[in-house]
Protein chains: 2
Amino acid sequence: MTQIGNLKTAALEKSSHLEYFKIAVSVDCVIFGYEEKELKVLLIKSDLKEFASLYSLLGDLVRPDEDLDEASYRILKERTDLDDVYLQQVHTFGAVKRHPSGRVVSTAYYSLININSHKLKIDNNDLHWHPVQTIGKLAFDHKEILNTCLEHLRGQIEEHPVVHNLLNEKFSLRELQELYEAILATTLDRRNFRKKITIKKWLVDLNEMEDNVSHRPGKLYRFNKKHLK
Amino acid sequence: MTQIGNLKTAALEKSSHLEYFKIAVSVDCVIFGYEEKELKVLLIKSDLKEFASLYSLLGDLVRPDEDLDEASYRILKERTDLDDVYLQQVHTFGAVKRHPSGRVVSTAYYSLININSHKLKIDNNDLHWHPVQTIGKLAFDHKEILNTCLEHLRGQIEEHPVVHNLLNEKFSLRELQELYEAILATTLDRRNFRKKITIKKWLVDLNEMEDNVSHRPGKLYRFNKKHLK
């Protein structure tokens, strides 16, 4: 361990900061789904005594030899058996006292999936979908993490057609509005909604009408593929 | 350390994962500025032998007793003496081998400031502003962190008037376009740019003209305060 001029080696840097290398990093996955006109999120019963009977997000510690992004997919796969889901990193939570086991900094990832096309392994700690509107207290700071990811999702749907895989390929503006209302947890004015969506130029008018619906049939649309990644 | 039914205590959880609690967390600050029609970023010479003569972002390890967000402001203050800058968290980088001292997961924060109104303490490891377009290799994975924050900034300016504090209160569309061109590193078509900016309704026409300019005087605008946070 030598110091060269003003420079120090990485080994010296570490030896003078040993008490800094005592943090664990975790990943928490916020998996949103849409079903029966409700926005839902996947939760699991916490297995810590300190949070007995509380639900938590799907999370785990990052292994010493595992990249952060890699950990997010491994955790989702282990806990739910889902492996065809794209996870996006949203935010890292690093309050000193957020975890009762010691210093654990957690990175949140989110996804938005079609509940009916993703089969869960549900033998695991009461894993299931919870309507976002009904969720009370969660383990750790997971309510804050959930709220941060929900705000992120609400921002995303204003700017990008990220909801495209939650609808059938052909859908009516009524169905699209119901989906936006579920995510935004509000009712939207029909005319304003249609105007705002039209300005974005995300939709293609299929010149077809709904059938077998109990209300007045609406026109059908699909998303313009050039806006979908 | 007891296990209750399926539940374990936080202490037991930690004792069975000791090898996970060996990570350090760092913060890297990507401070963008605008000057002389160029987008710049604050860099400092690395003090590690492994990266001798390379520049790095402004960063440091998070202290054991320090929240993550708190660390970002402390580091910026220590390295630059800046304490009136709003930092926004962008992304966390967690590749296993990214730091030669051991496992260090780093959270990047970014800001966009007016260079002329922020005085730096420049006696510190050759700290200064570098035009983003001229930056080659950086220490660690800092080029990737810089590029991620640059992409984030480019997304932000499309959606929000985040550039407002880089211009005088009154500015011409030519000045605004020059700023966008510097951030996007491209030239923009004058008419398209004006059309896109007009649609956003961010600007208020002041019914005044530039004076003392060497080109044809343009109309002056300011940002509509209701769009500024």
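Predicted model: local features only at pLDDT ≥ 70, side-chain atom pairs only at ≥ 80, totals over all residues.
Which residue of E8(A) is the bridge partner of Gln88(A)? The legends below begin with that pairing.

Figure 1. Residues are numbered from 1 along each chain as its sequence is written, and chains are lettered from A and ligands numbered from 1 in the order in which they are written. The bridge partner of Gln88(A) in E8(A) is Tyr110(A). Helices (H or I, at least four residues) and strands (E, at least two) are DSSP runs numbered from the N terminus, and two strands pair if DSSP finds at least two bridges between them. Strand E7 (residues 88–93) of chain A runs antiparallel to E8(A), with five bridges joining them. Strand E3 (residues 24–35) of chain A pairs with E8(A) in the parallel sense, over eleven bridges; here Ile31(A) has Ser111(A) as its bridge partner. Strand E8(A), residues 104–114, is mostly covered, with nine of its eleven residues buried (20 or more other C-beta atoms within 10 Å of the residue's own; exposed means 12 or fewer, partly exposed in between, with C-beta atoms placed from the backbone).

**Figure 2. The side of chain B that touches chain A.** In this interface, 41 residues of chain B are in contact with 41 residues of chain A (C-beta atoms, placed from the backbone, within 7 Å). On chain B, strand E2 (7–8), helix H1 (10–15), strand E3 (24–35), strand E7 (88–93) and strand E8 (104–114) each supply at least two residues of that side. By class, the residues of this side are 18 nonpolar, ten polar and 13 charged (Ala, Val, Leu, Ile, Met, Phe, Trp, Tyr, Cys and Pro count as nonpolar, Asp, Glu, Lys and Arg as charged, and the others, Gly among them, as polar).

**Figure 3. The largest nonpolar core and the surroundings of Val30(B).** The largest nonpolar core has 88 residues; such a core is a set of buried Ala, Val, Leu, Ile, Met, Phe, Trp, Tyr and Cys residues joined through C-beta atoms within 7 Å. Cys29(A), Val30(A), Cys29(B) and Val30(B) have the most contacts inside this core. Leaving aside residues up to four places away in sequence, Val30(B) touches Val41(B), Leu57(B), Ala108(B), Tyr110(B), Ile145(B), Leu146(B) and Cys149(B).

Figure 4. Helix H4 (residues 173–184) and helix H5 (residues 190–200) of chain B pack at an angle of about 100°, and their axes are 11 Å apart. The axes are lines fitted to C-alpha atoms, for helices over the stretch in contact, and angles run from 0 to 180 degrees between N-to-C directions. H4(B) and H5(B) are therefore roughly perpendicular to each other (65 to 115 degrees; under 35 counts as roughly parallel, over 145 as roughly antiparallel, and the rest as oblique). Leu173(B), Leu176(B), Gln177(B) and Tyr180(B) of H4(B) make the contact with Arg190(B), Phe193(B), Arg194(B) and Ile197(B) of H5(B). This contact has five nonpolar, one polar and two charged residues. Ala185(B) lies in the loop between H4 and H5 of chain B and has a positive phi of about 55° although it is not a glycine. Ala185(B) is exposed, with 11 other C-beta atoms within 10 Å. Thr186(B) is found in the loop between H4 and H5 of chain B and is exposed, with 9 other C-beta atoms within 10 Å. The C-alpha atoms of Thr186(B) and His91(B) are separated by 25 Å, the two residues being 95 residues apart along the chain.

**Figure 5. The three-stranded sheet in each chain.** In chain A, three strands form an open antiparallel sheet in the order E10-E12-E11. Strand E10 (171–172) and strand E11 (203–209) of chain A stand at the edges with a single partner strand each, so one side of each is left without a neighbour in the sheet. Four bridges join E11(A) to the antiparallel strand E12 (residues 219–223) of chain A, and Val204(A) stands opposite Arg222(A) in E12(A). In chain B, three strands form an open antiparallel sheet in the order E10-E12-E11. E10(B) pairs with strand E12 (residues 219–223) of chain B in the antiparallel sense over two bridges, and Ser172(B) has Leu220(B) as its bridge partner in E12(B).

Notes. Contact = placed C-beta atoms within 7 Å.
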